[in-house]
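Here is a short walk through one protein model with its ligand. Keep the structure open as you read.

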Amino acid sequence: MIAKVEPLTTARALRGPFDYLMGDGLIADGVGVGSVLVVPFGPRRLLGVVVQLAETSDLDPKRLAEPIEALEADVPADLVRLGLWVAQEYVSTPARGLALVLPPGTGTGSGRRTKARESLAATLTTAGRAALEDGTRLGSRQRTGLEALTEGPLRVSDLARVSGCDHASVRRLEARGLLLVERTAEAPRRPTLRTVGARSAIGTLTPDQEAAVAQIIAKLPPTPEPAPQRGPSSGGGEVPEQRFPSGTGTSPAPRTTPPEQAAPEPLLLHGVTGSGKTEVYLQAVEEVLDRGQTAIVLVPEIGLTPQTAGRFVERFGDTVAVLHSQLTTRERYDEWARLRSGAARVAVGPRSAVFAPLENVGLIVVDEEHDGSYKQEGDPRYDARTVAERRARECGALLLAGSATPRPESVLRYDRVRLPQRVDGRPLPPVELVGMAGVKGPLHQRTRDALEEVRRAGEKAIVLLNRRGWSNFLTCGDCGRVWECPNCDVTLVLHKSAGRVSCHHCGHRERVPDSCPDCGSVSLARHGVGTEQLGVELERLMDPLPVFRLDADTATRGGAAEALERFEAAEGGVLVGTQMVAKGHDFPDVTLGVVVDADSTLRFPDFRSEERTFALVAQLAGRSGRGGSDGRVVVQALDPAAPALRFAAGHDADGFLDVELTRREALSYPPYGSLIRVVCSSEQPAPAKAAADALRALIRAAQIPVLGPAPLFRLKGNERFQLVVKATDRAAAIVAVRTAVERTVADRSLGPVKYAVDVDPQ
Ligand code: ADP
Ligand code: ZN
Ligand code: ZN
């Protein structure tokens with residue numbers, strides 16, 4: 001028996017899978033598709049995933065090596081296929097695609113169960129996270145170590161194993177404040193969830209909810225035959241030919257076994273804010289569980305919106321596994337194992353939960369489907385919404401996406417189920433648009449008046465300003481010098497309490513200057529207002545009400561949940577912050593919502609800026625006037641006549657989507673075409689430019705239209721050039737880009753160039 005093994009290395013040039021000869025022992029152990037093996041690879045030992053079993057090899061069997069051992073880890077065969085599909089669809093490598101579906105901690109040793117004992121755990125600090133971004137001097141092992149911690153805390157011994165950082169260098173990192181070392185008991189623990197804002201159980205469904213649940217249940221897939229017993233024979237030959245013909249780079253998309261029954265068409269639950277969508281998901285999941293199937297529920301970042309996940313745990317108890325980023329690797333492994341064994345049958349989590357190791361999936365829910373966090377920023381730049389659609393189709397499950405502000409993509413392609421009213425029958429809050437032209441200071445008089453009413457009545461308000469820091473740039477009053485990042489062509493943002501100016505792109509920081517290094521002047525001017533300054537201003541205006549700030553500066557580990565808990569517990573007060581405050585929070589007693597500089601997002605030259613602005617304002621408006629209280633909303637903008645704002649103020653999602661879809665169609669933007677962005681970067685401009693030119697020629701030669709190369713602003717010390725493919729034939733465009741990138745990567749004459757391919761960029 002031959003195992004075709006994809007080695008888990010990051011090298012883009014490697015062309016797997018590679019054949020290994022399976023000894024009788026491994027066959028008897030039930031090694032099959034999805035098994036993780038340690039294999040000899042040249043002089044090295046590597047981890048690899050079995051992607052296919054075969055009777056024969058094209059190579060001489062006598063010359064094939066045998067795997068060294070099989071790990072306990074084992075991934076369902078359909079997830080192996082999904083991981084390989086992600087690698088292809090997002091122009092990544094098989095190893096990176098497979099890494100998404102492996103048990104947490106595979107390869108670090110922490111995935112293996114060990115006896116409970118005391119040990120040292122290392123946690124990344126905010127400073128450590130920043131150090132990774134801002135070019136702080138780090139040894140390569142130290143960098144690897146800190147990077148490993150971005151996934152969550154690790155045992156110091158595991159950290160040493162992954163990164164090569166010995167205890168002494170871990171201690172040095174701790175001394176620099178970049179990580180924290182604590183003693184922890186290691187008994188396996190179920191993670192606890194903070195359930196901010198979860199209101200007590202509800203009585204009966206509203207008629208709208210009732211109707212929605214019925215429509216969804218009608219679409220659920222029929223209960224399948226009992227799944228065949230897993231065992232030594234499982235997985236044999238289920239994954240088709242994966243060998244990438246070397247030289248052409250056009251690896252065929254993995255063929256897929258169609259489910260017996262065609263998967264149901266996806267549904268979009270379009271319900272206004274406060275219409276009780278979560279309850280509808282809960283009912284649908286309950287039905288799926290009753291039928292003996294399993295469910296996946298994707299939610300935006302759990303640190304920010306713990307209440308949705310909390311409701312699932314409240315309703316289904318230990319049947320739910322919650323997979324969020326603040327768990328330790330070990331906790332994540334334990335939850336993974338509960339799903340894999342069938343002990344847990346519902347997976348709730350952010351985008352990576354789309355890879356939950358469940359079998360017999362009947363339903364995949366994507367809550368707040370408009371949320372940008374579903375797109376992964378690093379390679380593979382997958383979109384969990386697209387992956388969810390793929391997985392649902394492959395396993396015959398129903399995909400149910402939900403939002404008050406759904407994406408044009410979903411509106412065009414999915415059948416819609418509506419919840420047109422709030423559960424409490426209250427109207428959506430009135431929204432007032434006010435123009436800021438000629439207004440001094442960050443707040444309009446109308447806003448001040450509305451805040452003053454809240455102050456006098458001791459109520460609650462949420463204020464959104466999508467810009468953190470104190471002020472967004474500094475200039476010299478005499479010579480006009482602008483403080484800019486040395487690594488990126490952007491201005492530095494002043495953070496007053498931290499005493500720093502910093503770059504929001506690379507994390508570079510400097511002390512706040514007290515004079516101009518060019519002319520010596522001490523008259524430095526600050527421009528623009530960020531959440532830090534607005535928070536201080538609000539403390540003054542709203543005294544004695546407390547002000548809670550929520551942005552990336554305050555929302556470090558657990559800080560977000562804490563700010564939300566304190567705001568919830570307060571009698572009255574103000575929550576001020578970036579878009580984090582507009583997420584699906586459900587506070588029953590917020591009477592005022594304010595958006596400061598609502599059209600700042602419109603000033604970005606991006607085809608999604610309309611959509612983003614509409615969603616942000618409509619979502620913030622949706623936080624107000626829930627529960628027993630009336631609400632109102634004030635939206636400040638330089639141009640209050642902007643259509644995205646007018647539609648948001650009128651709570652008119654349909655009107656907005658109509659206009660937006662027409663515009664997208666005219667310009668062949670998604671969902672009428674696909675975009676692929678390729679960014680080439682290098683320290684000197686020439687290599688990146690040459691690589692971009694070469695790519696462009698190759699993509700053109702494949703008859704795929706491509707725009708660029710266009711220079712982008714310098715980022716983290718790298719010059720960058722961008723190509724954009726706008727294609728109607730998505731599959732052909734992806735193949736053309738992949739082929740072109742593989743060829744260009746192999747062309748050593750171009751020098752050191754980094755490539756970032758982003759299919760469906762956000
Ligand atoms: P959405 O996600 O649509 O904005 P939520 O699911 O957060 O709305 O529900 C809003 C609030 O309404 C929650 O506090 C929820 O507990 C409550 N709720 C949901 N359904 C009902 C119902 N049928 N009767 C009473 N309250 C309900
Ligand atoms: Zn000066
Ligand atoms: Zn920078």
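This is a predicted model: local features need pLDDT of at least 70, side-chain atom pairs count only at pLDDT 80 or more; totals for chains, interfaces and linings use all residues.

Residues are numbered from 1 along each chain as its sequence is written, chains are lettered from A and ligands numbered from 1 in the order in which they are written, and side-chain values use heavy atoms, with hydrogens and water left out.

Start with the protein chain. It has 21 helices and 30 strands, taken as DSSP runs numbered from the N terminus (helices: H or I, at least four residues; strands: E, at least two). Of its 762 residues, 53% count as buried. Buried means under 20% relative accessible area, exposed means over 50%, and partly exposed lies in between (1.4 Å probe, protein chains only). Contact means heavy atoms within 4.5 Å. Among contacts between residues at least 6 apart in sequence, 77% join residues at least 24 apart. The chain exposes about 32,400 Å², and carbon and sulfur atoms supply 50% of that area. Accessible areas come from the Shrake-Rupley method with a 1.4 Å probe; for residues, only the protein chains shown count as cover.

Now turn to ligand 1. Which residues are closest to ligand 1? They are Thr 204, Gln 209, Gly 274, Lys 277 and Asp 586, out of 17 that surround it; a residue is near if one of its heavy atoms lies within 4 Å. This shell divides into 4 nonpolar, 8 polar and 5 charged residues. Here Ala, Val, Leu, Ile, Met, Phe, Trp, Tyr, Cys and Pro count as nonpolar, Asp, Glu, Lys and Arg as charged, and the others, Gly among them, as polar.

A backbone N or O atom of Gly 274 lies 2.6 Å from a ligand oxygen. For a polar backbone atom of Ser 275, the distance is 3.2 Å. An N or O atom in the Lys 277 side chain is 2.8 Å from a ligand oxygen. Taken alone, ligand 1 exposes 570 Å², and the protein buries 86% of that.

Next, find Ser 624 in the loop between α17 (609-621) and β26 (632-637). Ser 624 counts as buried because its relative accessibility is 1%. Its side chain reaches the backbone oxygen of Arg 632 at 3.4 Å. Not counting residues up to four places away in sequence, Ser 624 touches several others, including Arg 422, Pro 429, Val 590 and Gly 631.

Last, the cysteines. The structure holds 0 disulfides, a disulfide being a pair of cysteine sulfur atoms within 2.5 Å. Cys 506 is buried, at 1% relative accessible area. Cys 519 counts as partly exposed, at 41%.

Definitions and conventions. A polar contact is a pair of N or O atoms within 3.5 Å; within protein, one must be able to donate a hydrogen and the other to accept it, and residues adjacent in sequence count only if both atoms are side-chain atoms.
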